[in-house]
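Please read the following note alongside the model displayed below. The points are numbered so that each may be checked in turn.

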Amino acid sequence: EEAEFARVSAELGAGEREALALATRLSRTVVLLDDLAARVEARRLGVVLSGTLGVLIKAKKSGHLVRVSPTLRQLEESGFHLDAQTKASVLRLAGEA
């Protein structure tokens, strides 16, 4: 358990480090990460990851969300940073552009 934690970059926050350490021990695990440094570290460790936007697209495609755009708006209003190009890409992938 401590060996996996030690393999994860100390530059990350404690929660991200713990999530990545746990994911290295479990099979068939997807970790939800939006922080760029954490995503880079996940890839280095071979951990499968998704971000919030990927989850939204999957939820729309599987019928759990009717529309992604209201959720994107709520995320932005709560402080989630989303540039115009990324937002347009997400809406396109969700079939809303």
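Predicted model: local features only at pLDDT ≥ 70, side-chain atom pairs only at ≥ 80, totals over all residues.

1. The largest nonpolar core. This core consists of 12 residues in all: V8, L12, L20, A21, A23, V31, L33, A38, A42, L45, V47 and L49. Helices α2 (14-25) and α3 (36-45) each supply at least two residues of it.

2. L49 belongs to the largest nonpolar core. When neighbours within four places in sequence are left aside, the residues in contact with L49 are V30, V31, R39, A42 and R43.

3. A second core. The model also holds a separate core of 10 residues. Among its members are L75, L82, L91 and A94.

4. The dimensions of helix α2. Helix α2 has 12 residues, and the distance from its first C-alpha to its last is 17 Å. This is close to the 16 Å expected at 1.5 Å a residue.

5. Which residues of α2 are buried? They are R17, L20, A21 and A23. Viewed down the axis of α2, the buried residues fall within an arc of 160°, and therefore they line one face of the helix. The face turned away from this buried side carries the exposed residues A14 and G15.

6. Salt bridges in general. Side chains of opposite charge can pair when their charged atoms come close. The count for this model comes to 4 salt bridges.

7. R44 pairs with E41 in a salt bridge, and their closest N and O atoms are 2.6 Å apart. Both residues lie in helix α3, where they are 3 residues apart, about one turn of the helix. E41 is buried because its relative accessible area is 7%, under the 20% cut-off.

8. A salt bridge between separated parts. The side chains of K60 and E96 form a salt bridge, at 3.1 Å from N to O. K60 lies in helix α4 (residues 52-61) and E96 in the segment after α6 (84-93), so this pair ties together parts that are 36 residues apart in sequence. K60 is buried, with a relative accessible area of 19%. E96 also counts as buried, at 17% relative accessibility.

9. A salt bridge between two helices. K87 and E76 meet through their side chains in a salt bridge of 3.0 Å, N to O. The pair links distant parts of the chain, with K87 in helix α6 and E76 in helix α5, 11 residues apart. K87 is partly exposed, with a relative accessible area of 27%. E76 counts as partly exposed, at 27% relative accessibility.

10. A network. Which residues do salt bridges with shared partners join into one network? The residues are K60, R67 and E96.

11. The surroundings of S69. S69 lies in helix α5 (residues 69-77). At 15% relative accessibility, S69 counts as buried. Its side chain makes a polar contact of 3.1 Å with the side chain of R67, and R67 belongs to the salt-bridge network described above. Apart from neighbours within four places in sequence, S69 is in contact with L91 and E96. Of these, L91 is a member of the second core, and E96 is a partner in the salt bridge with K60.

Technical notes: Residues numbered from 1 in each chain as written. Heavy atoms only, no water. Helix = DSSP H or I, 4+ residues; strand = E, 2+ residues; numbered from the N terminus. Buried < 20%, exposed > 50% of the residue type's maximum accessible area, 1.4 Å probe, protein only. Polar contact = N/O pair within 3.5 Å; in protein donor to acceptor, adjacent residues only side chain to side chain. Contact = heavy atoms within 4.5 Å. Core = buried A, V, L, I, M, F, W, Y, C linked by side-chain atoms within 4.5 Å. Expected span 1.5 Å × (residues − 1). Arc of directions from axis to C-beta.
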